[in-house]
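I opened this entry to get my bearings in a structure that is new to me. My notes below go from the whole chain down to single residues.

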Amino acid sequence: QVQLVESGGGLVRAEDSLRLSCVASGRTRSTGTVAWFRQAPGKEREFVAAIRWYSGITYYADSVKGRFTISRDNTKNTVNLQLNMLKPDDTALYYCAAVSTPITPTQALIPSAYSAWGQGTQVTVSS
């Protein structure tokens with residue numbers, strides 16, 4: 001089992017940047033794909049970005065493409081999410097999720113495809 005801990009959230013203004021980090025511990029060798037999701041109050045959990053742990057292949061939601069960048073540091077068991085040009089609509093609780101296998105772009109969108117989740121880190125963007 002993999003344990004995930006997120007950090008890096010905060011309160012920023014529109015067009016500011018943040019860098020979120022997700023540190024994995026436990027059975028990290030069984031990690032195939034790591035993703036970021038977000039959930040705003042009253043809304044469903046939404047896919048943001050994903051990265052295949054070994055190949056580095058990335059997937060992004062259309063709403064963040066060109067603004068957010070997902071990356072990983074295998075030596076530190078860390079996946080980062082760089083958030084640039086933030087908008088008030090980006091305000092949400094951001095979660096890190098992992099699954100033991102590489103998954104397709106379609107599967108990456110679905111929260112139930114992931115078996116491990118962190119507790120989340122809050123991102124609030126003011127206008």
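**Whole chain**

I began with burial: 42% of the 127 residues in the protein chain are buried. Here buried means under 20% relative accessible area, exposed means over 50%, and partly exposed lies in between, with a 1.4 Å probe and protein chains only. I am reading a predicted model, in which local features need pLDDT of at least 70, side-chain atom pairs count only at pLDDT 80 or more, and totals for chains, interfaces and linings use all residues. Residues are numbered from 1 along each chain as its sequence is written, and side-chain values use heavy atoms, with hydrogens and water left out.

Next I looked up the secondary structure. The protein chain has one helix and eleven strands. Helices (H or I, at least four residues) and strands (E, at least two) are DSSP runs, numbered from the N terminus. Read from the N terminus, the order is β-β-β-β-β-β-β-β-β-α-β-β. The radius of gyration is 13 Å, close to the 14 Å from the globule rule for 127 residues, so the chain is as compact as a globular protein of that length. That radius is taken over C-alpha atoms, and the rule is 2.2 Å times the number of residues to the power 0.38.

I checked the box too: the C-alpha atoms fill roughly 40 × 30 × 25 Å along the principal axes. Contact means heavy atoms within 4.5 Å. Of the contacts between residues at least 6 apart in sequence, 59% join residues at least 24 apart.

**The disulfide**

How many disulfides does a search of the whole structure find? I got one. The criterion is a pair of cysteine sulfur atoms within 2.5 Å. Cys22 is joined to Cys96, with S to S at 2.0 Å. This pair links distant parts of the chain, as Cys22 sits in strand 3 (residues 18-26) and Cys96 in strand 9 (residues 92-99), 74 residues apart. Both cysteines, Cys22 and Cys96, are buried. The torsion about their S-S bond is about -75°, so the disulfide is left-handed.

I then followed Cys22 to a contact partner, Val5. Val5 lies in strand 1 (residues 2-7). Beyond its neighbours within four places in sequence, Val5 contacts Ser21, Cys22 and Val23. Val5 is exposed, because its relative accessible area is 53%.

**Salt bridges**

Side chains of opposite charge can pair when their charged atoms come close. I counted four salt bridges, each a side-chain nitrogen of Lys or Arg within 4 Å of a carboxyl oxygen of Asp or Glu. Which residues are linked in a network of salt bridges? I found Arg38, Glu46, Arg67 and Asp90.

I took Arg38 next. Its salt bridge with Glu46 has the closest N and O atoms 2.8 Å apart. Arg38 also meets Asp90 in a salt bridge, at 2.9 Å, N to O. Asp90 is in the loop between strand 8 (78-83) and strand 9, while Arg38 is in strand 4 (residues 33-39), 52 residues away.

Why does Asp90 count as buried? Its relative accessible area is 2%. Arg38 is buried at 6%, and Glu46 is partly exposed at 34%.

Arg67 is in the loop between strand 6 (58-60) and strand 7 (68-73). Arg67 is buried, at 11%. Its contacts beyond four places in sequence include Leu83, Met85 and Asp90.

Last, I noted Lys65 and Asp62, which form a salt bridge at 3.2 Å between the closest N and O atoms. Both Lys65 and Asp62 are exposed.
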